[in-house]
Amino acid sequence: MAQKTPEQINEDLLRPLSGTSGRYLIVLAFLAGIVIAALCSFFWQVYAGLGVSGLRSPVFWGFYITNFVFWIGLSHAGTLISAILRLANATWRRPVTRCAEVITVFALSIGATFPVIHLGRPWLAFWLFPYPSERGIWPNIRSPLLWDFFAINTYLISSVTFLLLPMLPDLALVRDRAAGWKKKVYSVLALGWTGTPKQWNRLERAMHIMAIAVIPVAVSVHSIVSWDFAMAPVPMWHSTIFAPYFVAGAIFSGIAALILAMACLRKFLHLEEYLLPIHFENLGKLLLVMSLLWFYFVFAERLTAWYGNDPSEMTVFWVTQTGSFSPLFWLMVLCNFVIPFPLLAIKKTRTILGTSIASVTVVIGMWLERYLIIVPSLSHKYLPYSWGTYRPTWVELTITAGTFAAMVMLYMIFSKLVPIISIWELKVGLREEAHPAPALAPSHTQPNEVGAD
Amino acid sequence: MAHQWGMVIDLDRCTGCAACVVACHAENNISTVGEDQAARGRAKHWIRVERYYEGEFPDVRVKFMPVLCQQCDAAPCEPVCPTFASYHTIEGLNGQVYNRCIGTRYCANACPYNVRFFNFYNPEWDKPLNLQLNPDVSVRSVGIMEKCTFCVQRIKASEIQAEAEKRAVKDGEIQPACVQSCSPHAMVFGDLSDPQSEVSRLARSSRGTKLLGELGTQPKVTYLQRESWHGAENA
Amino acid sequence: MERRDFLKISAATGAVAALEGCGNPDHQLIRFVPEEDMLPGLATWKPSICTLCPAGCGMLVRVMQGEAEVVRNGQLGILKMGLPKKLEGNPAHPISHGRLCPRGQAGLQVTYHPDRIKTPLARSGPRGSGQFQEITWDEAMKQLLSHLTALQTSNEQGKIGFLTSPLRGQRKTIVHGFAAALKAAPPIEFAFLASRTIQEANAWSFGSDALPTVDLSHSNYLISFGADFLGTWNSPVAQSVGYGHMRNGRTGQPGKFVQVESRISQTGASADEWIPSQPGMDGVFALSLAHVILSEKLGTAGAAGHAGALIAGWSEGLPDYAPAAVEKQIGVPAATISRIAREAAANAPAVALIGDGPAAHTNGFFNALAVNALNAVLGSVGKPGGIVFSPVWTSQSGKPGAAEGKKDGESSVRTLAEQIHATPDSVKVLLVDGANPVFATPMAWRVREAFEKVPFIASFGSFIDETTVLADLILPDHSPLESWLDDSPESGSTKTVASLAPPAMQPLHNTRSMPDVLLDLAHQLGGPVAAALPWKTYDDALKIAFSSLQKQKGSVSATDADDFWTKVKDQGGWWSAEDKSVSLAAGKIPAAAVKNTAPQFDGSPDQFPFHFLPFASQLCYDGSLAHLPWMQESPDPLSTVMWGTWVEMNPRTAEKLAIKQGDTIEVASQHGSLRAPALIAPGIAPDVIAMPIGQGHTNFTRYASGRGANPISILAPMVESGTGSLAWAATRVKISHISEGKIVMFGASLTDASPELKHR
Amino acid sequence: MSRSNLGLKRCLRVTVFLGMIILVLSLLDRTSPAQDTAPPPQTMTQSSPIFTPAHRTVMDAVREFFGSRQKPVQPIAYTHKVHLANGMQCTDCHVGVDRGPDARIPSVNFCMTCHQVIATDKPEIKKLAAYRARGEDIPWQRVYGFLPSAHVKFNHAPHIRAGVDCAQCHGDMTKQTVAVRMVDHTMGFCVQCHREKNVSVDCVACHY
Amino acid sequence: MNALRSAGVNRDNIVVMSDEPFEEYSFGHAEPSVAMPWLAVLGGLVGGTGGFLLARLTQVAYPIVTGGMPIVAPFPTAIVTYELTMLGAVLTTIVTLLITAKIPKWKQELYDPEVTRGKILIAVIDPADDARADLEDRLRNAGADEIKSTGRFSAI
């Protein structure tokens, strides 16, 4: 990274916050349109009943739960990557962490709405909350859906704070430059941050603890999401491999989303000097590892089902392998392994463009994977008499499109309000390059030779 | 010990006439959903007569199997419901509390027998068909899961009647609509906790099997398998 | 209805309803003073009779208090009245034994049907357009009376036609009495599934012109030639109860059930052994069985008595029916024939049945006689475990006796149609009650065109169906639950049964019961007609008729007439105390012994390669119940099809013609063609195409109109040689693939047959 | 706010309840009392296609969600006080309350058996006679009743047989003129009484 | 910084502000390091017991039999306990951060927007008047660019 004075860094990173170009507004309006369409179709579904969707007996879960698992999976990348990189003190993490945390927060908030969207009577969703009502009724702690409720809320709180805390210094920076009502807003947001060493010290320590805490929460959330399926005695669901399989899938799709986000930021916000090919290189390697891990899990699950030869499991196995779902299945394997593996393995193709293409296919592949876990198993359960195929309707398609549009829209709005790359971490990184810190031991353990009295 | 209601279905006698299906519709206010909803797999039949063909022409055998909620003792649909809409009653039934159901439909996915049906639209009876609705059974609204309840309204009515007459419920006094309408007497209903009851006697028969018993759901419905005829050609 | 304008309507009604609904009396409909004093929430069980098929099962109706929106003297209001909620079999009734079939359970929807005719209607548009305007009862009676008196004055009473469904009991007495007194043409009773050929054969073989009562609970071996006795044939509920007992009701070994038909019917599905035979060859099959029994001395020729003697070559041991000889003809290996014969003889009591299918061929009469002979040689006629002819009580005879009196089947409508076509003004006034020949007759008979030529048609039907839509005047009858009912079924119980039931509820709409209307007409016509029908109302007639039963030994014993009447009403009828079967009188002696005549089929085998086998649907019966939502939505037991019809074919046939499950195919005979979705099922012979009767209504309430295709419409007008009734299984068809299609099934596709599936 | 000790079930409910007060959800507690007029008679005139919303109008849905209901307006100001004062019993009019699930409200004929003669000059009795003359029954409005979506099946007979007094659930009628809802039939009210008399509190006892 | 301290300025009066954390110089007086990790663990424990009690007692308070499971099902209780432990830990870290670093007080008296330009501000709060000149030249020879006295004495 060319030697840049802190002043230049400030200039570069605050540039996106200034005016909004015409093109930006048009794209924003378009995305907002899709999101509004999704909202309208949801209210239509509440008004008319779940019949407007394509759901039926026996396939009671479809696009909505696929989206739910997909977006919760996408959100894991943010915290896991930024937390792990923070703990490992990888120097190249500095510009990447905030983009990742932002993906987490937005993906999670979108994913968390689906347990309400897919309900038959969404206006009673508050019954999940364990509030003491005079009827003496409490929700059922044994239900995986309630574990979801606790897990997702815990994860939402922790990932939102994991994003906001490192943003305080940058908000302070923006506060000082803003004027008028913007100044008031940012000063409120910055919580009066002044940058005294005490504050820095506490912030660093807090981030350190949060990084440690968020990783197990993230892993627990997605294993609980997988237990939604693993707890039900449905062929190809009721297996022990689901928790790690889903967590691996989550990280896999998360990294892909991160690469995509960074590629777009780099192109549209002209952050070429900050989001360097080295970042894409490293993330590409990470994506490669996860692709292999994902393939390993799929192979393991299929092997045990095939070898065990249980009739109902085999029905679902053959339906996805060669039956009516086989095109989707082979498309998924293509997107998740056949395309990304060579692209990422060969150094020459692991460029920004290469990793971006791989990530696009991985995102699509992972959405298909969630679909192929849910629908084939439900449509071919134990009694062949009541098998049934599932076709989504326009309501479900609009809402799914609405979620992707919402994600991009929120991301664009966020990058207009807050510097997408954390400036103070960049400066620290800059200074460390100038003269690297002494030993690897973290500094605060050194005795304070100065002023210790 | 509280009653443990159970049922025996003799597949040797069942002729697949589907009188039970229509009797259940009449007793439990199950709405018809019309052709295009039925085409989309939303028809509701709390009891259905499954038909399996075996063999190729000309030696073809047909098997009928009436399937309804098995009121399992270890029901996979009960622990997964977040609002206790599906739970196990004291009398061994799988209770479906319509007002607690928020429509997550997890129970229907967990049920290996596919005997749970969801009100995708608000049930509709063109007037005056609604005059036929049975006042003892609640009419479910949109967004609620429903399933066979072993005609719990008939069980309740007989128990209240027995209590009023200060006597125990006699074996065979309670007959769900399907058991009552079954001409070949293929279905028998009674209290499994009472060893002398006819349903307990039949449940102990050597022909008795449980549908998908290997899943550990401990269903309360015992199916008596068909006996193959092994008569002699000459006396 | 488009979604947008629905929203407007619902918003508008919503607003009105919201206002009107909130706890303020003057926003609600007025309430009428309740006529009955009932406790809300408590049910009372009233006896009734199921009239949806000729079996005549006794029922109990669960009546509870409810609020109905009714019109009383011109004003819409809410009336607290007793409303039937559930139908169940009457445990005391000797035919239903407390059970009902699926159609019986759906009787409620006939009463509460939204498209029921609520007031008398007069035609306001061109005939057949279905445009009617409401008129009062007085105007309707005046209009009908004027037509009748006009014909009386010009003494053309012979030109008054009366078309009804098969009648029994007092309703038959009144209808026939009215027609006779009016000197009109004798009433024609029409039903597609009238089993007329079997009754005629029984008259010849055993001297009893009725369907047999099958005592299955004692039989050990059952050979059924195409008889759907557990579904739609004869008395399904009584036979199902017996069948249940036969399976494992008795200690020891269950009885064996062999089904002989070219397509597995819903009954055949429960068989221990299904033998696919060539269509129309059941008679030959039966006689080859008899041949084995006679030749191996398992039974004596003389034992068969008159029924055997009828058959040519019987005394010589039926030489030309040796299994080896007829093997190819009937498509059943000789070894099977002799094995079945030996098993039947060894496991007495064995019984053989013949159903409507095999009797609906050109040689149907011969098939029926052959099966009767087989029964006779097996020694199961008139004995427990075999077939019995139960004595029938009619008010004229006063006491139970053998069933007799001329009965006409579906062919009678053919003669009526030909007569009208031949001499157009041969029928000036046609009264129609409960029959729908326009739907249930082949188009080749041109019944609809004949009816259109009749100047004035009055109908007593409750629904606008294909026949009633041609009517000029409709005087809607009560629904069965709202009217007095009586029935004396000819089969189903070894006892003599005379069911009787008062109305289970007050009439919902402005309808009047048909017998009361006839009695009213008779009194207004005066003269001989009034004299012939002296009773003031229908229940008077019943009371007088049933009083003759007081003397008989039966289920009701009472001191005086009134006490007897109330007891019979409460019990839902009277039945004889002990089982008395009719003694077998020698039937008609034919000119010459009956010889086997090969079945003829309409259409050449090369141009029309497939046999066309329509069969009665378990839910829609003969199409008269297609308008009930429960019947449309309950999955058909075998095909699991809902809300529609299907064409059943063998998987190999489908492969040959590249037809997949659910594809729309065209079935064409020489007399018409229809389109329906294909259903591929293993249980049907490769050269047979089967289709359920019941769907394909052009005009039958919102649930049945324009749904599916009607197989009867394309049938050839072939006629059974002996009795002249329609041979509806004697048509050959060809099928051609039209397009992809959709078939609404509750069960998964038939191809994924059973849980054990292919592995690896 | 540390939960120091395990404490009894009763104590947990009190502490947790106090802790939750601040949450906005306590507003929703009010929804739990299940009393509302039975749905006004279905007078959907047009032939209703398969699809109609659960409630006819959004206002209906909101009103039912919060359990609010209109005050019933009775057509005739019937005074329980006067009748009870004249020595009549509840079961004289509400016949069969000990045999069937519903306490029947008699028809106008039943009232007229006495009021043909007694107090025929009073305006209310004139209104009564006018109804009878027009052949109409009196359109009484429901005072008690459960939310239709609560699917509660209340059966009077077992309660009367168990010796539950009318006043326990309907308040002291001797002081009331037109019947007014004195006691809120909320689930808590019923469950508490069932627990005291250790009668089954199984969900299926009331909701089926 | 050492110069100022050696001038006897009390440690609490010196305020340092910068727009990036200078960990390695760790100048200024490090507060007694609050045991933040242990606080987090304590918070976790509190959250955990809360979760355990919530799970256990709600099941006991509303004892409904489902799926043949015991009333207090071990595994679900463990999962809920774990979730609330983590929630407790996270919330405590946030709360301790907010409390120890600063109650979000918005009235900021000693601040200079220049800090965000990459400069480091070292300020001395109300030094004794006489020592003002002495401190200024100490700062100057320590390389301070600019000295402002805004009622307070600060040097960038």
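## Confidence in the model

The structure is a prediction, and the model as a whole scores an ipTM of 0.88 and a pTM of 0.89. Within chain C the average pLDDT is 87, and 92% of the residues score at least 70.

## The overall form of chain C

Chain C holds 22 helices and 26 strands, and its C-alpha trace spans about 85 × 70 × 60 Å along the principal axes. Because a compact globule of 760 residues would have a radius of gyration near 27 Å, the value of 27 Å found for chain C agrees with that expectation.

Of the 760 residues in chain C, 62% count as buried. When contacts in chain C with a separation of 6 or more are considered, 74% of them are accounted for by residues 24 or more positions apart.

## A covered helix in chain C

Helix α13 of chain C covers residues 364-378, and its 15 residues should span 21 Å at 1.5 Å a residue; the end C-alpha atoms are 21 Å apart, which agrees. An α-helix has 3.6 residues a turn, so residues three or four places apart point the same way. In α13(C), 15 of the 15 residues are buried, and the helix is accordingly described as mostly covered. After α13(C) comes Gly379(C), whose phi is positive, near 70°.

## A covered strand and its two partners

Strand β19 of chain C, residues 497-501, is likewise mostly covered, with 5 of its 5 residues buried. The covering applies to both faces of β19(C): Val497(C), Ser499(C) and Ala501(C) are buried on one side, while Ala498(C) and Leu500(C) are buried on the other.

Strand β18 (residues 485-487) of chain C runs antiparallel to β19(C), and 3 bridges join the two; in this pairing Asp487(C) has Ser499(C) of β19(C) as its bridge partner. Strand β20 (residues 573-575) of chain C also pairs with β19(C) in the antiparallel sense, over 3 bridges. Here Ser499(C) has Gly573(C) of β20(C) as its bridge partner, so that Ser499(C) has a bridge partner in each of these pairings.

## Where chain B meets chain C

In the contact between the two chains, 54 residues of chain B touch 67 residues of chain C. On the chain B side, the elements that give two or more residues are α1 (19-27), α2 (35-39), β2 (48-54), β3 (61-67) and α5 (177-181) of chain B. The residues on this side of chain B divide into 28 nonpolar, 13 polar and 13 charged.

One residue of chain B can be followed in detail: Phe57(B) is found in the loop between β2 and β3 of chain B. With neighbours within four places in sequence left aside, Phe57(B) is in contact with Asn650(C) and Pro682(C).

How values were computed. Residues numbered from 1 in each chain as written. Chains lettered and ligands numbered in written order. Predicted model: local features only at pLDDT ≥ 70, side-chain atom pairs only at ≥ 80, totals over all residues. Contact = placed C-beta atoms within 7 Å. Helix = DSSP H or I, 4+ residues; strand = E, 2+ residues; numbered from the N terminus. Nonpolar A, V, L, I, M, F, W, Y, C, P; charged D, E, K, R; others polar. Rg over C-alpha atoms; globule rule 2.2 N^0.38 Å. Buried ≥ 20, exposed ≤ 12 C-beta atoms within 10 Å, placed from the backbone. pLDDT = per-residue confidence, 0-100. Expected span 1.5 Å × (residues − 1). Pairing = 2+ DSSP bridges.
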